[in-house]
Amino acid sequence: MNKITIGYISDIHADFYCKEYNLEHQNYKKLVKNFATTLLSTLEEQVDVLIIAGDLGHRNDQNKLLLQYLKEKISRIVLVTGNHCLYLVSDSIGEKFNWDSFGREKEMIDFCKSNGIDYLTGGSIEINGFTISGLGMFWDKSYAEMLSGKEMSNSVIHEMYEGYMNDLR
């Protein structure tokens, strides 16, 4: 049997750690690179494959730079989207994608494809004889309605979401 060493991380939320969002800022690249170095230091050993299972971050430009730095050290990266990877967290991001979260995801899929990063959206890949599958997710109000047993307005869902989850903070 073939040997493969896999690293697994999820819910990175890079922008919670790299709080400079202006690409032109003198420390922007340094902050992202330092974060990539910190992430790599959490792995117990050198890995053949790094699986990032959702919630890379809220900002594609930052996510792309982070992936480039990780790719310098790890030859094979597998990315699965998470709900935070679909959020449009500012007016400028929303406008860039015409308020369509899946446009934001498509930009990341295209970036990954052109940079040798596997982006799984329900499919599988085989690496060294091992099959890896992944499917992203996002949260919508149907889950809250199912739990409560009643229909809920978007504003009620938003208030609940804002009060109990860090997604909007």
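In this predicted model, Glu107 forms a salt bridge with Lys64, and the closest N and O atoms are 3.5 Å apart. The pair links distant parts of the chain: Glu107 sits in helix α5 (residues 101-114) and Lys64 in helix α3 (residues 60-73), 43 residues apart. Lys64 counts as buried because its relative accessibility is 17%, and the cut-off for buried is under 20%.

Glu107 also meets the side chain of Lys96 in a salt bridge, at 3.1 Å from N to O. Lys96 lies in helix α4 and Glu107 in helix α5, so this pair ties together parts that are 11 residues apart in sequence. With a relative accessibility of 45%, Lys96 counts as partly exposed.

Another salt bridge joins the side chains of Lys106 and Asp110, at 2.7 Å from N to O. These two residues are separated by about one helical turn, because they are 4 residues apart in helix α5. Lys106 is partly exposed at 48% relative accessibility, and Asp110 is partly exposed at 35%. Through shared partners, salt bridges join Lys64, Lys96 and Glu107 into one network. The count of salt bridges comes to 4.

Now to the cysteine. Cys85 is found in the loop between β3 (76-80) and α4 (91-96). Its relative accessibility is 10%, so Cys85 counts as buried. Leaving aside residues up to four places away in sequence, Cys85 touches Asp55, Leu56, Gly57 and Arg104. Cys85 and Asp55 are 30 residues apart in sequence, while their C-alpha atoms are 5.5 Å apart in space.

Terms used:
Residues are numbered from 1 along each chain as its sequence is written. This is a predicted model: local features need pLDDT of at least 70, side-chain atom pairs count only at pLDDT 80 or more; totals for chains, interfaces and linings use all residues. Side-chain values use heavy atoms; hydrogens and water are left out. Buried means under 20% relative accessible area, exposed over 50%, partly exposed in between (1.4 Å probe, protein chains only). Contact means heavy atoms within 4.5 Å.
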